[in-house]
Amino acid sequence: MAADLFDVAVVGGGPAGLSAALSLARARRRVIVFDAGDPRNGVAEHMHGVLGHDGVPPTSLLERGRREVEQYGGLVVDGRIERARVGPSGVEVDGPSGVVRARRLIVATGLRDGLPAITGLQEHWGRGVVVCPYCDGWERRNHTIGVIAAGPQGIDQAHQLRQWSDEIVYFPNDVGEPGADAVRTLEARGIRIERGRVRAIRSSEGRVEAVELDDRSVAVETIFTATTLHPRDRLLRDLGARTRDDADGSWVVVDPDGRTSVEHVWAVGNVVDRRSNVSVSLGAGSLIAGAVNADLTADDIAGSLRRDTAGER
Ligand SMILES: Cc1cc2nc3c(=O)[nH]c(=O)nc-3n(C[C@H](O)[C@H](O)[C@H](O)COP(=O)(O)OP(=O)(O)OC[C@H]3O[C@@H](n4cnc5c(N)ncnc54)[C@H](O)[C@@H]3O)c2cc1C
């Protein structure tokens, strides 16, 4: 493999990376995908809101995607990439079986969710404890839903979930007492407020049963909370990609085509975009593939002209 030159190396075989790889392989580009095998929604049993794939296990989509990439000659390799280097004409990636050279690099490594430090929350993550109403709200409709605040946006989350259930319980936890206006709007919509420190989540036979406060326990069937987003962007940062800070933390900057500030290096999906759900990641992967292919075509034209001028044709 070391001697091979690929057109594109993709790091990350989730929806974003595989979608980009599929379009590029179909464009007859030589593509290699490296994947560590732990997609963000890997904890969920089913995926929702993805047209044509609603209710499908997330892993089934990715297994099928891998086969589709391979069907057009793309390679999909299991393994985590820790290092890549950029040179004048492309990139080098330290793959599991040696160095792989490629003309372009797409990083699609996703993000990691950090949960509030509450006993039992992690254990039910992706099942009884969820984050996204569009992904999991329908299946929890009419449940008694506890919203554990992880910041001021917890109040918005409680209001939003009200359309899925009449039984919403808002736990301010250590975010503190909502302001008078917020209390009025929550109460006006029939959202109960349970004040106090959340100590733990109680469950039985794998099902969430209650939120335990210091002095009492409140029955719930499902918990929604917010997570701290940690983009898995170390490769990009090590390559010197430009970043920006916003309310959600620090993110690598890409242009509308997914191009980073580092020559030959592109990024797509949750690693650079918090809003990139599965459908958006699939679309963004396809979009970036077109832009990367156009960049390679420009490079192909320049190469042909150089050879023509040198009389090598
Ligand atoms: C609990 C939960 C449920 C969700 N349910 C839904 C849903 O129902 N519908 C929906 O649309 N969205 C859902 N989402 C959001 C969805 O998971 C993301 O939108 C989607 O996974 C983003 O795709 P991605 O390709 O950017 O990243 P990911 O899917 O996270 O894929 C990134 C891939 O890169 C690999 N990787 C990371 N680092 C490296 C490295 N250094 N080297 C090699 N490989 C690496 C990872 O192993 C992973 O396979 C859910 C999220 C969560 C947390």
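**Reading burial, contacts and helix packing**

Student: Is D35, at 13% relative accessibility, buried or exposed?

Tutor: Burial is read from relative accessible area, under 20% being buried, over 50% exposed and the range in between partly exposed (1.4 Å probe, protein chains only). D35 has 13% and therefore counts as buried. This is a predicted model, in which local features need pLDDT of at least 70 and side-chain atom pairs pLDDT 80 or more, whereas totals for chains, interfaces and linings use all residues. Residues are numbered from 1 along each chain as its sequence is written, and side-chain values use heavy atoms, with hydrogens and water left out.

Student: Where does D35 lie, and which residues does D35 touch?

Tutor: D35 belongs to strand β2, which covers residues 31–35; strands (E, at least two residues) and helices (H or I, at least four) are DSSP runs numbered from the N terminus. Touching is a contact, with heavy atoms within 4.5 Å. Leaving aside residues up to four places away in sequence, D35 touches G12, G13, G14, R66, V77, D78 and G79.

Student: What are the accessibility classes of E68 and E123?

Tutor: E68, in helix α2 (residues 58–71), is partly exposed because its relative accessibility is 29%. E123 sits in the loop between β7 (111–114) and β8 (129–130), and at 61% relative accessibility E123 counts as exposed.

Student: At what angle do helices α1 and α7 pack, and which residues make the contact?

Tutor: Axes are lines fitted to C-alpha atoms over the stretch in contact, with angles from 0 to 180 degrees between N-to-C directions. Helix α1 (residues 15–26) packs on helix α7 (residues 278–309) at about 40°, the axes lying 7 Å apart. The pair is therefore oblique, since angles under 35 degrees count as roughly parallel, over 145 as roughly antiparallel, 65 to 115 as roughly perpendicular and the rest as oblique. On the α1 side the contact is made by P15, A16, S19, A20, S23 and L24, and α7 contributes V278, S281, L282, G285, S286, I288, A289, V292 and N293. These residues comprise nine nonpolar, six polar and no charged, where Ala, Val, Leu, Ile, Met, Phe, Trp, Tyr, Cys and Pro are nonpolar, Asp, Glu, Lys and Arg charged, and the others, Gly among them, polar.

Student: What is the arrangement of α4 and α5?

Tutor: Helix α4 (residues 154–161) and helix α5 (residues 180–188) have axes that come within 11 Å and cross at roughly 15°, which means that α4 is roughly parallel to α5. The contact involves I155, A158 and H159 of α4 together with A182, T185 and L186 of α5; by class there are four nonpolar, two polar and no charged residues.

Student: How many helices and strands does the protein have, and what are the overall values for burial and contacts?

Tutor: The protein has seven helices and 19 strands, and its C-alpha atoms fill a box of roughly 85 × 35 × 30 Å along the principal axes. Of its 313 residues, 47% count as buried. Among contacts with a separation of 6 or more, 58% are between residues 24 or more positions apart.
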